[in-house]
Amino acid sequence: MTEKKDITTKLLVIGGGPGGYVAAIRAGQLGIPTVLVEASSLGGTCLNIGCIPSKALIHAAEEFEHARQHAAGSPLGIRAGEPTLDVAQTVRWKDGIVQRLTGGVGALLRKAGVQVLKGWATIEDGKTVTVRGADGQGAQRVRCEHLLLATGSEAVALPSMPFGGAIWSSTDALSPDVLPRRLVVVGAGYIGLELGIAYRKLGVEVTVVEAAERVLPSYDEELTQPVLESLRKSGVVLHLGCSVLGWDEGQGVHVRNARADEFALPADRVLVAVGRRPRTAGFGLESLQLDMAGRHVAIDAHCRTSMRGVWAIGDVTGEPMLAHRAMAQGECVAEQIAGHNRRFEPMAIPAVCFTDPEVVVVGRTPAEARAAGLDCIDAAFPFSANGRAMTLESTGGFVRVVARKDNHLIVGWQAVGRGVSELTAAFGQSIEMGARLEDVAHTIHAHPTLGEAVQEAALRALGRAVHI
């Protein structure tokens, strides 16, 4: 094996995903000598096989569905022929976006003076890591003052249905060679439903199997009801409260329902989307003997692990496994290493589900507020009373606000509807800045926009909604 000269640096980051690359860029901006190790493409799961490619596929599916709707007779007066889909071109377009973004990350790291090593990292101790290329050659030892773990997470497979062949992970579902005629999705969480809805819009027969009694079980039922109605309207077949027993090519997916009846669902492909787990194995993490919290690395409010000089951020530290949480943690760690006084204690971390309609949760729901002992009021404003929603042919859903009854301090926002993901910035900002209902209600919101529903929800919580 070829040995390379040792490298000494102040910060060594393992993992080039959203948390790792943001930490490295910010550290470089602050003048901290930084080395980043990544075995695959920069950008991690988010840019390569997660957030970005899935939203690209969702957008393509929506456009295809719109074309089909126009071909069937549009109330807008648009007349079009029956569309066809070149799925290979769709995948190339999606890959082009990914390549532009990952290339941009590399350029930003170079601009910040970060040294990127492509290879697999193996931790020797809290100050030393060995990096090997994919072929096992070119081992190089990196010594550091600070070690940052940003190794992310990986999809969970079912023991009876390992990934491969007809059994897809979410990664496989993002780059199909051809569209299957029948797709069974195992798991009605956000990954399964986002991709399942996209495939349905592309014309695939989609069936969803979920162990819980309802879809999106981590969201409150009032929010998920419009999604459930949309799924049924679109023709997605749901089997809720059912467990998956296995799969065979002849019969498909074997399922058992709550009454212990067993049946099979024919399928050309099966998408297993039952969750993700922190990536903690395969790179020597056990040698550090860090404190763990279940499967993930335990950290404090500074993103410090139980070992001095070893930090951890992102999915490897557990829920919520969201790219924007990892990015914020990465920036926080870099600034602490530079001597800044920082803590990672956000008031709220937005969560967005890009189903149709979209679902947004920021801060506390009414149930969570009650569970926390807060005496709160909540109010919702429906998009059926919003002019902009009518012009978008999307009047389903609502915006809901949760605020303390005594001083009207806003503690949570939720929304379901078309395009509500774009409202998360306003939601998060109002909570972080300590806004009260009156602050939002007295802010002029542009007309006609979906944002008017935000103002109206605040007004309704104050007992004086105007447009309902």
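Mentor: Helices and strands here are DSSP runs, numbered from the N terminus. Keep in mind as we go that this is a predicted model.

Trainee: Thanks! How many helices and strands are there in the protein?

Mentor: The protein has 13 helices and 24 strands. Its radius of gyration is 24 Å, close to the 23 Å that the globule rule gives for 468 residues, so the protein is as compact as a globular protein of that length.

Trainee: What share of the 468 residues counts as buried?

Mentor: That share is 49%. As for contacts with a separation of 6 or more, 62% of them come from residues 24 or more positions apart.

Trainee: Now the rings, please. How is a pair of aromatic rings described?

Mentor: The distance of the centres and the angle of the planes describe such a pair. This structure holds two aromatic pairs. In one, tryptophan 168 and tyrosine 199 are 5.8 Å centre to centre with 55° between the planes, a tilted pair. This pair links distant parts of the chain, since tryptophan 168 sits in strand 8 and tyrosine 199 in helix 6, 31 residues apart.

Trainee: Is tyrosine 199 buried or exposed?

Mentor: Buried means under 20% relative accessible area. Tyrosine 199 has 0% relative accessibility, so it counts as buried. Tryptophan 168, at 7%, counts as buried too.

Trainee: Which kind of pair do tryptophan 413 and phenylalanine 427 form?

Mentor: Planes under 30 degrees apart count as stacked. Here the planes are at 10° and the ring centres 4.9 Å apart, so the pair is stacked. Tryptophan 413 lies in strand 24 and phenylalanine 427 in helix 11, so the pair ties together parts 14 residues apart in sequence. Both tryptophan 413 and phenylalanine 427 are buried.

Note on methods. Residues numbered from 1 in each chain as written. Predicted model: local features only at pLDDT ≥ 70, side-chain atom pairs only at ≥ 80, totals over all residues. Heavy atoms only, no water. Helix = DSSP H or I, 4+ residues; strand = E, 2+ residues; numbered from the N terminus. Rg over C-alpha atoms; globule rule 2.2 N^0.38 Å. Buried < 20%, exposed > 50% of the residue type's maximum accessible area, 1.4 Å probe, protein only. Contact = heavy atoms within 4.5 Å. Phe/Tyr/Trp six-rings, centres within 6.5 Å; stacked < 30°, edge-to-face > 60°.
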